[in-house]
Amino acid sequence: MGESVASERSLADELRAGPLQPDWAFSIAEQIGHELSAAHSAGRIHGNLSCHCVLLQSTSRKVHARIIGFGSESPTSDNFSQLGPELRSGQAATIATDIYGFGQILAGLAAAVPEPQIAERWREVIERCLD
């Protein structure tokens, strides 16, 4: 018998709620990275990846991150500057667009961890995603 979901919220809500534990932030980043990699391997592009498109499902044992909104008709963002460069210039979304969105998510997670060394350890990965 499977566990029932105790709660569901977006990563954006979680980031607004306050500081995050380093292990928790790393686990969420890792789950998003694995799901995004699997989608790209299957030929799927999200096109609008942001912390608003990551649902966190809590059970009594753990939190599971799930990306929603693959292939949405029109990319939107609360902040135009968070859209991938391709989208800001009117081009179609690509895998690079998703990697850029993942970098934005990583930056948000790193900023929400109250230990500066976490942001420093993630800095190179974040910069490569946003480059």
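I take the expected span of a helix as 1.5 Å times one less than its number of residues. Helices (H or I, at least four residues) and strands (E, at least two) are DSSP runs, numbered from the N terminus.

The model is predicted, so I kept local features at pLDDT of at least 70 and side-chain atom pairs at pLDDT 80 or more, while totals for chains, interfaces and linings use all residues. Residues are numbered from 1 along each chain as its sequence is written, and side-chain values use heavy atoms, without hydrogens and water.

Overall fold. I found five helices and three strands, in the order β-α-α-β-β-α-α-α. Of the 131 residues, 38% are buried (under 20% relative accessible area; exposed is over 50%, partly exposed in between; 1.4 Å probe, protein chains only).

Helix α5. I looked up residues 116-130: the 15 residues reach 20 Å from first C-alpha to last, close to the expected 21 Å at 1.5 Å a residue. I noted a kink of about 50 degrees centred on R123, the bend being the angle between axes fitted to the seven residues ending there and the seven starting there. I118, W122, I126 and C129 are the buried residues of α5. They pack against α2 (22-41) and α4. An α-helix has 3.6 residues a turn, so residues three or four places apart point the same way.

Residue I95. I placed I95 in α4 (residues 95-112). Its relative accessible area is 41%, so I list I95 as partly exposed. Beyond four places in sequence, I95 is in contact (heavy atoms within 4.5 Å) with H40 and I45. I also checked R44, 51 residues from I95 along the chain: their C-alpha atoms are separated by 8.6 Å.
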